[in-house]
Amino acid sequence: MNRLRELRSARGWRQADLAQILSTKPQTVSRYEKGDRDIDSETVCRLCDIFGCTADYLLGRSELPTNEISDEEAELVLAFRGADDRAR
């Protein structure tokens, strides 16, 4: 899983560093990153907490690391929701 490798590398961590945090072996982290081993849901949640990202981002289903939006984006959403069909 390339996204996991990217997140880990961005922190300057080795596979052994992440393995220690997860209480697993570096080989397990390597298998996760290569896609040779599926990540169980509990580990996905832990990784999301560690890296401050969503599961969708971690699993490559989204390009946005978080669900947070800016104040400007929130204003646009509210304006869109309040607009009539013609304005939309």
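**Notebook: rings, charges and one backbone angle**

I began with Phe51, which counts as buried at 9% relative accessibility. I take buried as under 20% relative accessible area, exposed as over 50% and partly exposed as what lies in between, with a 1.4 Å probe and protein chains only. I note that the model is predicted, so that local features need pLDDT of at least 70 and side-chain atom pairs count only at pLDDT 80 or more, whereas totals for chains, interfaces and linings use all residues. Residues are numbered from 1 along each chain as its sequence is written, and side-chain values use heavy atoms, with hydrogens and water left out.

**Entry 1: the aromatic pair**

I looked for ring pairs among Phe, Tyr and Trp (for Trp, the six-membered ring), with centres within 6.5 Å; planes under 30 degrees apart count as stacked, over 60 as edge-to-face, and the rest as tilted. The count by this rule is one aromatic pair. I identified the partners as Trp13 and Phe51, whose ring centres lie 5.7 Å apart with 45° between the planes, a tilted arrangement. I then placed the two residues: Trp13 lies in the loop between H1 and helix H2 (15-22) and Phe51 in helix H4, so that the pair links distant parts of the chain, 38 residues apart. My helices are DSSP runs (H or I, at least four residues; strands are E, at least two), numbered from the N terminus. Trp13 is partly exposed, at 21% relative accessibility, whereas Phe51 is buried.

**Entry 2: salt bridges**

I counted a salt bridge wherever a side-chain nitrogen of Lys or Arg lies within 4 Å of a carboxyl oxygen of Asp or Glu.

I examined Arg8 and Glu33, whose side chains form one of them at 2.6 Å, N to O. What does this pair connect? Arg8 belongs to helix H1 and Glu33 to helix H3 (residues 26-34), so the pair ties together parts that are 25 residues apart in sequence. I found both Arg8 and Glu33 to be buried.

I turned next to Glu6, which forms a salt bridge with Arg3, with 3.9 Å between the closest N and O atoms. The two residues are three apart in helix H1 (residues 2-10), which puts about one helical turn between Glu6 and Arg3. Glu6 is partly exposed at 48% relative accessibility, whereas Arg3 is buried at 12%. I also checked Glu6 against Glu33: the two are 27 residues apart in sequence and 9.3 Å apart in space, C-alpha to C-alpha.

I then recorded the salt bridge between Asp17 and Arg14, at 3.0 Å, N to O. Asp17 is partly exposed, with a relative accessible area of 21%, and Arg14 is exposed at 53%. I asked which residues are joined through shared partners. Arg3, Glu6 and Glu63 form one network of salt bridges.

**Entry 3: charged patches**

I built patches from residues with over 30% relative accessible area and no salt bridge, joining like charges within 9 Å and nonpolar side chains (Val, Leu, Ile, Met, Phe, Trp, Tyr) within 5 Å. I counted Lys and Arg as positive and Asp and Glu as negative, leaving out His and the chain ends.

On the surface, I located a positive patch made up of Lys25, Arg31, Lys34 and Arg37. Arg37 sits in the loop between H3 and helix H4 (41-51) and is partly exposed, at 41% relative accessible area.

I located a negative patch as well, in which Asp71, Glu72, Glu73 and Glu75 gather on the surface. Glu73 lies in helix H6 (residues 71-82) and is partly exposed at 40% relative accessibility.

**Entry 4: Ser23**

I noted that Ser23 is not a glycine and yet has a positive phi of about 55°. Where is Ser23 found? I traced Ser23 to the loop between H2 and H3. Ser23 is exposed, with a relative accessible area of 66%. I finally compared Ser23 with Gly60: these residues are 37 apart in sequence and 24 Å apart in space, C-alpha to C-alpha.

Definitions and conventions
Accessible areas come from the Shrake-Rupley method with a 1.4 Å probe; for residues, only the protein chains shown count as cover. The place of a charge is taken as NZ of Lys, CZ of Arg, CG of Asp or CD of Glu.
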